[in-house]
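Please take a moment with the sequence and the 3D view before reading on, and keep both open while you follow the paragraphs below.

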Amino acid sequence: MAKVISTLFISADGVAEIDPDWHFPYFDENMGRAVNEDYETADTLLLGRGTYESFAGAWPDRETAGGEDAPFAKQIGDLRKVVVSRQNLTFTWRNSELIDGELIDAVRALKADPATKGVLIPGSITVVQQLLAAGLIDELRLLVHPVAARKGQRLFDEGDSAYHLKVIATEAYPTGVIRVVYAPSEPPAPAGYDEAAGNLTEGA
(Lines give C-alpha, C1' and ligand atoms only; values in the text may rest on other atoms or scores of the structure.)
Protein backbone atom coordinates (compact mmCIF):
# COMPACT_ATOMS: atom_id res chain seq x y z
CA MET A 1 0.00 0.00 0.00
CA ALA A 2 1.35 3.41 -0.98
CA LYS A 3 2.40 5.85 1.72
CA VAL A 4 0.87 9.31 2.00
CA ILE A 5 3.54 11.80 3.08
CA SER A 6 3.03 15.45 4.00
CA THR A 7 6.01 17.77 3.55
CA LEU A 8 5.83 21.23 5.07
CA PHE A 9 7.97 24.23 5.88
CA ILE A 10 6.86 25.32 9.33
CA SER A 11 7.77 27.90 11.97
CA ALA A 12 8.66 27.08 15.57
CA ASP A 13 5.16 28.16 16.65
CA GLY A 14 3.45 25.84 14.19
CA VAL A 15 2.64 28.18 11.29
CA ALA A 16 2.76 26.24 8.02
CA GLU A 17 1.57 29.09 5.81
CA ILE A 18 5.02 30.24 4.81
CA ASP A 19 6.10 33.83 4.51
CA PRO A 20 9.05 34.30 2.11
CA ASP A 21 10.59 36.77 4.59
CA TRP A 22 11.12 34.04 7.21
CA HIS A 23 11.45 31.06 4.89
CA PHE A 24 14.01 31.82 2.18
CA PRO A 25 16.82 33.11 4.44
CA TYR A 26 17.01 29.57 5.91
CA PHE A 27 16.85 27.65 2.62
CA ASP A 28 20.32 26.13 2.18
CA GLU A 29 21.72 23.04 0.47
CA ASN A 30 20.62 20.86 3.39
CA MET A 31 17.01 21.91 3.01
CA GLY A 32 17.29 21.47 -0.75
CA ARG A 33 18.50 17.90 -0.23
CA ALA A 34 15.62 17.20 2.17
CA VAL A 35 13.09 18.51 -0.35
CA ASN A 36 14.58 16.32 -3.08
CA GLU A 37 14.42 13.28 -0.80
CA ASP A 38 10.74 13.94 -0.12
CA TYR A 39 9.87 14.19 -3.82
CA GLU A 40 11.76 10.99 -4.58
CA THR A 41 9.28 9.07 -2.39
CA ALA A 42 6.36 9.67 -4.75
CA ASP A 43 4.99 9.40 -8.23
CA THR A 44 1.83 11.33 -7.33
CA LEU A 45 1.38 14.81 -5.88
CA LEU A 46 -1.82 15.61 -4.00
CA LEU A 47 -2.39 19.36 -4.00
CA GLY A 48 -4.96 21.77 -2.67
CA ARG A 49 -6.20 24.26 -5.23
CA GLY A 50 -4.20 27.18 -3.83
CA THR A 51 -0.95 25.21 -3.76
CA TYR A 52 -1.60 23.86 -7.25
CA GLU A 53 -2.21 27.33 -8.68
CA SER A 54 0.98 28.59 -7.04
CA PHE A 55 3.00 25.68 -8.44
CA ALA A 56 1.41 25.81 -11.89
CA GLY A 57 2.05 29.54 -12.06
CA ALA A 58 5.79 29.07 -11.49
CA TRP A 59 7.29 25.67 -12.23
CA PRO A 60 6.40 25.26 -15.93
CA ASP A 61 8.06 28.61 -16.71
CA ARG A 62 11.11 27.65 -14.65
CA GLU A 63 11.41 24.41 -16.56
CA THR A 64 11.24 26.26 -19.87
CA ALA A 65 13.74 28.89 -18.70
CA GLY A 66 16.40 26.24 -18.24
CA GLY A 67 17.95 27.72 -15.08
CA GLU A 68 19.49 25.92 -12.12
CA ASP A 69 16.07 24.76 -10.92
CA ALA A 70 14.94 23.47 -14.35
CA PRO A 71 15.71 19.78 -13.57
CA PHE A 72 13.60 19.97 -10.40
CA ALA A 73 10.85 21.78 -12.31
CA LYS A 74 10.85 18.98 -14.89
CA GLN A 75 10.71 16.36 -12.13
CA ILE A 76 7.59 18.00 -10.70
CA GLY A 77 6.08 18.40 -14.15
CA ASP A 78 6.52 14.71 -14.88
CA LEU A 79 4.72 13.62 -11.70
CA ARG A 80 1.01 12.90 -11.66
CA LYS A 81 -0.75 15.81 -9.99
CA VAL A 82 -4.14 15.23 -8.34
CA VAL A 83 -5.83 18.49 -7.36
CA VAL A 84 -8.38 18.89 -4.57
CA SER A 85 -10.98 21.48 -5.57
CA ARG A 86 -14.74 21.84 -5.50
CA GLN A 87 -14.46 24.01 -8.59
CA ASN A 88 -13.90 22.80 -12.12
CA LEU A 89 -10.42 23.81 -13.18
CA THR A 90 -8.77 24.21 -16.56
CA PHE A 91 -5.38 22.52 -16.45
CA THR A 92 -2.49 23.79 -18.56
CA TRP A 93 0.28 21.99 -16.64
CA ARG A 94 0.87 18.45 -17.87
CA ASN A 95 -0.20 15.39 -15.87
CA SER A 96 -2.77 17.37 -13.86
CA GLU A 97 -6.24 16.14 -13.00
CA LEU A 98 -9.11 16.93 -10.66
CA ILE A 99 -9.62 14.57 -7.73
CA ASP A 100 -12.20 11.90 -8.39
CA GLY A 101 -14.97 12.15 -5.79
CA GLU A 102 -14.61 13.03 -2.13
CA LEU A 103 -11.13 13.58 -0.69
CA ILE A 104 -11.09 10.78 1.89
CA ASP A 105 -12.42 8.14 -0.50
CA ALA A 106 -10.07 9.26 -3.27
CA VAL A 107 -6.99 9.09 -1.02
CA ARG A 108 -7.94 5.64 0.22
CA ALA A 109 -8.20 4.56 -3.42
CA LEU A 110 -4.80 6.08 -4.23
CA LYS A 111 -3.18 4.29 -1.28
CA ALA A 112 -4.69 0.97 -2.32
CA ASP A 113 -3.84 1.31 -6.03
CA PRO A 114 -0.88 -1.03 -6.75
CA ALA A 115 0.18 1.32 -9.55
CA THR A 116 0.81 4.13 -7.05
CA LYS A 117 4.38 4.29 -5.73
CA GLY A 118 3.70 7.02 -3.17
CA VAL A 119 1.64 10.16 -2.60
CA LEU A 120 3.32 13.41 -1.55
CA ILE A 121 1.41 16.43 -0.26
CA PRO A 122 3.49 19.61 -0.43
CA GLY A 123 1.90 22.48 1.50
CA SER A 124 -1.89 22.22 1.12
CA ILE A 125 -2.52 22.68 4.85
CA THR A 126 -6.29 22.18 4.79
CA VAL A 127 -5.92 18.94 2.84
CA VAL A 128 -3.36 17.69 5.36
CA GLN A 129 -5.63 18.60 8.28
CA GLN A 130 -8.51 16.59 6.80
CA LEU A 131 -6.31 13.57 6.14
CA LEU A 132 -4.78 13.72 9.63
CA ALA A 133 -8.27 13.64 11.10
CA ALA A 134 -9.10 10.62 8.92
CA GLY A 135 -5.90 8.80 9.90
CA LEU A 136 -4.57 8.76 6.33
CA ILE A 137 -1.23 10.53 6.78
CA ASP A 138 1.61 8.03 7.08
CA GLU A 139 4.40 10.56 7.66
CA LEU A 140 4.68 14.24 8.52
CA ARG A 141 8.00 15.61 7.25
CA LEU A 142 8.51 19.00 8.83
CA LEU A 143 11.31 21.49 8.23
CA VAL A 144 11.02 23.55 11.40
CA HIS A 145 12.45 27.07 11.04
CA PRO A 146 13.96 28.83 14.07
CA VAL A 147 11.41 31.62 13.99
CA ALA A 148 8.07 32.31 15.68
CA ALA A 149 5.94 33.53 12.78
CA ARG A 150 3.11 34.74 15.08
CA LYS A 151 0.61 34.89 12.22
CA GLY A 152 -0.63 32.61 9.48
CA GLN A 153 -2.40 29.26 9.24
CA ARG A 154 -1.13 26.65 11.65
CA LEU A 155 -0.76 22.98 10.82
CA PHE A 156 -2.69 21.62 13.77
CA ASP A 157 -6.23 22.93 14.04
CA GLU A 158 -8.56 22.85 17.05
CA GLY A 159 -9.98 19.44 17.88
CA ASP A 160 -11.32 17.25 20.65
CA SER A 161 -8.45 14.76 20.79
CA ALA A 162 -4.68 14.89 20.54
CA TYR A 163 -2.61 13.51 17.69
CA HIS A 164 0.08 11.24 19.09
CA LEU A 165 3.23 10.98 17.00
CA LYS A 166 6.47 9.03 17.04
CA VAL A 167 9.75 10.40 15.75
CA ILE A 168 11.15 8.52 12.75
CA ALA A 169 14.14 10.78 12.13
CA THR A 170 15.62 14.14 13.08
CA GLU A 171 18.34 16.27 11.58
CA ALA A 172 19.64 19.71 12.62
CA TYR A 173 21.12 22.11 10.06
CA PRO A 174 23.68 24.88 10.63
CA THR A 175 20.97 27.46 9.88
CA GLY A 176 19.01 26.32 12.93
CA VAL A 177 16.37 24.51 10.86
CA ILE A 178 15.43 21.12 12.28
CA ARG A 179 14.06 18.40 10.05
CA VAL A 180 11.66 16.12 11.91
CA VAL A 181 9.90 13.11 10.42
CA TYR A 182 6.87 11.94 12.40
CA ALA A 183 4.52 9.00 12.00
CA PRO A 184 1.21 8.42 13.79
CA SER A 185 1.52 6.55 17.08
CA GLU A 186 -0.62 5.02 19.78
CA PRO A 187 -1.01 7.18 22.93
CA PRO A 188 1.45 6.49 25.76
CA ALA A 189 0.29 4.78 28.92
CA PRO A 190 -1.79 7.06 31.17
CA ALA A 191 0.26 8.98 33.72
CA GLY A 192 -0.09 11.94 36.05
CA TYR A 193 2.02 14.15 38.27
CA ASP A 194 2.87 11.38 40.71
CA GLU A 195 4.46 9.33 37.93
CA ALA A 196 6.30 12.37 36.59
CA ALA A 197 7.55 13.36 40.05
CA GLY A 198 9.26 10.01 40.37
CA ASN A 199 11.52 11.01 37.47
CA LEU A 200 12.72 14.23 39.08
CA THR A 201 16.23 14.23 40.43
CA GLU A 202 17.47 16.13 43.47
CA GLY A 203 18.29 19.73 42.59
CA ALA A 204 16.25 19.65 39.39
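Predicted model: local features only at pLDDT ≥ 70, side-chain atom pairs only at ≥ 80, totals over all residues.

Residues are numbered from 1 along each chain as its sequence is written, and side-chain values use heavy atoms, with hydrogens and water left out.

We begin with the interior. A nonpolar core is a set of buried Ala, Val, Leu, Ile, Met, Phe, Trp, Tyr and Cys residues joined through side-chain atoms within 4.5 Å, where buried means under 20% relative accessible area, exposed means over 50%, and partly exposed lies in between (1.4 Å probe, protein chains only). The largest such core holds 24 residues, and those with the most contacts inside it are Leu46, Leu103, Ile121, Leu131, Ile137 and Leu155. At least two residues of this core come from each of β1 (3-11), β3 (80-84), α6 (103-112), β5 (118-122), α7 (125-133) and β6 (139-145); these labels follow DSSP runs, numbered from the N terminus, with helices (H or I) of at least four residues and strands (E) of at least two. Among the contributors, α7 gives the most, with five residues. Apart from this core lies another one, of 21 residues, among them Tyr39, Ala42, Leu47 and Phe72.

Which residues does Leu155 touch, once its neighbours within four places in sequence are left aside? If contact is taken as heavy atoms within 4.5 Å, the partners of Leu155 are Leu8, Ile10, Gly14, Ala16, Ile125, Val128, Gln129, Leu132, Leu140 and Leu142.

Six of its seven residues are buried, so β6 is largely enclosed by the rest of the structure. With strand β8 (residues 178-184), β6 pairs in the antiparallel sense over five bridges, and here Leu143 has Arg179 of β8 as its bridge partner.

Side chains of opposite charge can pair when their charged atoms come close. A salt bridge is counted when a side-chain nitrogen of Lys or Arg is within 4 Å of a carboxyl oxygen of Asp or Glu, and a search of the whole structure finds 16 of them. The side chains of Glu37 and Arg179 meet in a salt bridge, at 2.7 Å from N to O. Because Glu37 lies in helix α2 and Arg179 in strand β8, this pair ties together parts that are 142 residues apart in sequence. Arg179 is buried, with a relative accessible area of 8%, whereas Glu37 counts as partly exposed at 30% relative accessibility.

Glu37 forms a salt bridge with Arg33 as well, the closest N and O atoms being 3.4 Å apart. Arg33 and Glu37 are four residues apart in helix α2 (residues 29-39), which means that they are separated by about one helical turn. Arg33, at 31% relative accessibility, counts as partly exposed. These residues belong to a network of salt bridges that links Lys3, Arg33, Glu37, Asp38, Glu139, Arg141, Glu171 and Arg179. Another salt bridge joins the side chains of Arg62 and Asp69, at 4.0 Å from N to O; Arg62 is partly exposed at 35% relative accessibility, and Asp69 is partly exposed with a relative accessible area of 30%.

Finally, we turn to the outside. Gly159 has its place in the loop between β6 and β7 and is exposed, with a relative accessible area of 57%. Gly159 and Ala133 are 26 residues apart in sequence and 9.1 Å apart in space, C-alpha to C-alpha. Met1, in the segment before β1, is exposed, with a relative accessible area of 80%. Leaving aside its neighbours within four places in sequence, Met1 is in contact with Lys111 and Ala112, while Met1 and Tyr52, 51 residues apart in sequence, are 25 Å apart in space, C-alpha to C-alpha.

Technical notes. Pairing = 2+ DSSP bridges.
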